[in-house]
Amino acid sequence: VQLQASGGGSVQSGGSLRLSCAATGSIFNINVMGWYRQAPGKQRELVATITRGGSTNYADSVKGRFTISRDNAKNTVYLQMNSLKPEDSSVYYCNANIIKSWYDVGYDYWGQGTQVTVSS
């Protein structure tokens with residue numbers, strides 16, 4: 001199982017970016033999917049999560065600006081980031097709790113990270 005993230009880049013303050021993360025491999029089901037971020041010298045922090053049924057959870061710092069969504073048929077999670085601020089600059093990691101077989105339990109997998117840089 002692999003998670004492949006894409007969509008990072010550089011943008012000016014107030015701009016927008018859309019991140020995507022596709023899970024591939026032997027997948028029976030995916031529970032929660034989410035995005036986390038880690039800035040240099042800081043701990044990794046939760047940005048947003050979404051359940052298979054579509055229930056979402058956001059960090060207070062991104063509420064009203066970021067939107068998480070998923071396409072269960074494509075095993076893909078998205079993060080639409082609007083009104084970006086310099087403090088949003090970070091490496092963004094996607095995460096998914098994946099069940100590989102009907103008799104298995106879910107395990108957490110991480111994508112490789114994608115850099116988001118917001119300039120003032």
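Colleague: Is Ser 83 buried, exposed or partly exposed?

Modeller: Ser 83 is partly exposed in this predicted model. Its relative accessible area is 41%.

Colleague: Where does Ser 83 lie?

Modeller: Ser 83 belongs to the loop between S8 and S9. Ser 83 is not a glycine, yet its phi is positive, at about 50°.

Colleague: And Asn 75, what is its phi?

Modeller: Asn 75 also has a positive phi of about 50°, and it is not a glycine. It sits in the loop that connects strand S7 (66–71) with strand S8 (76–81). With 21% relative accessibility, Asn 75 counts as partly exposed. The cut-off matters here, because buried means under 20%.

Colleague: Let's step back. How many helices and strands does the protein have?

Modeller: It has zero helices and eleven strands. Read from the N terminus, the order of elements is therefore β-β-β-β-β-β-β-β-β-β-β.

Colleague: How compact is it for its length?

Modeller: The protein is as compact as a globular protein of that length, because its radius of gyration of 14 Å is close to the 14 Å that the globule rule gives for 120 residues. The C-alpha trace spans about 50 × 25 × 20 Å along the principal axes.

Colleague: What share of the residues is buried?

Modeller: Buried residues are 41% of the 120. The accessible surface comes to about 6300 Å², and carbon and sulfur atoms hold 46% of that surface.

Colleague: What about contacts between residues 24 or more positions apart?

Modeller: Counting contacts with a separation of 6 or more, 54% are between residues 24 or more positions apart.

Colleague: Which way does S4 pair with S9?

Modeller: Strand S4 (residues 29–38) pairs with S9 in the antiparallel sense, over eight bridges. As one example, Trp 35 has Cys 94 in S9 as its bridge partner.

Colleague: How many bridges join S9 to S10 and to S11?

Modeller: Four bridges join S9 to strand S10 (residues 107–110), and the two run antiparallel. Asn 97 stands opposite Asp 108 in S10. S9 and strand S11 (residues 114–119) pair over three bridges, in the antiparallel sense. There, Tyr 92 has Thr 114 in S11 as its bridge partner.

Colleague: What do side chains do along a regular strand?

Modeller: In a regular strand the side chains alternate between the two faces of the sheet.

Colleague: Back to Cys 94. Which residue forms a disulfide with it?

Modeller: Cys 94 forms a disulfide with Cys 21, and the sulfur atoms are 2.0 Å apart. A search of the whole structure finds one disulfide.

Colleague: Why is it called right-handed?

Modeller: The disulfide is right-handed because the torsion about the S-S bond of Cys 21 and Cys 94 is about 50°.

Colleague: Are the two cysteines buried or exposed?

Modeller: Cys 21 is buried, with a relative accessible area of 1%. Cys 94 is buried too, at 0%.

Colleague: Next topic. How many aromatic pairs are there?

Modeller: The count comes to two aromatic pairs. Tyr 36 and Trp 110 form an edge-to-face pair, 5.1 Å centre to centre with 65° between the planes. Tyr 36 lies in strand S4 and Trp 110 in strand S10, so this pair ties together parts that are 74 residues apart in sequence. Trp 110 is partly exposed, with a relative accessible area of 38%.

Colleague: What about Trp 102 and Tyr 103?

Modeller: Trp 102 and Tyr 103 form an edge-to-face pair, 5.5 Å centre to centre, with 90° between the planes. Trp 102 is exposed at 68% relative accessible area, and Tyr 103 is exposed at 59%.

Colleague: Last one, Ser 120. Where does it lie?

Modeller: Ser 120 lies in the segment after S11. It is exposed, with a relative accessible area of 83%.

Colleague: Which residues is Ser 120 in contact with, leaving aside neighbours within four places in sequence?

Modeller: Ser 120 is in contact with Ser 13 and Pro 86. From Ser 120 to Gly 14 the C-alpha to C-alpha distance is 8.7 Å, while in sequence they are 106 residues apart.

Definitions and conventions:
Residues are numbered from 1 along each chain as its sequence is written. This is a predicted model: local features need pLDDT of at least 70, side-chain atom pairs count only at pLDDT 80 or more; totals for chains, interfaces and linings use all residues. Side-chain values use heavy atoms; hydrogens and water are left out. Two strands pair if DSSP finds at least two bridges between them. A disulfide is a pair of cysteine sulfur atoms within 2.5 Å. Buried means under 20% relative accessible area, exposed over 50%, partly exposed in between (1.4 Å probe, protein chains only). The radius of gyration is taken over C-alpha atoms; the globule rule is 2.2 Å times the number of residues to the power 0.38. Contact means heavy atoms within 4.5 Å. Accessible areas come from the Shrake-Rupley method with a 1.4 Å probe; for residues, only the protein chains shown count as cover. Rings of Phe, Tyr and Trp (its six-membered ring) pair if their centres lie within 6.5 Å; planes under 30 degrees apart count as stacked, over 60 as edge-to-face and the rest as tilted.
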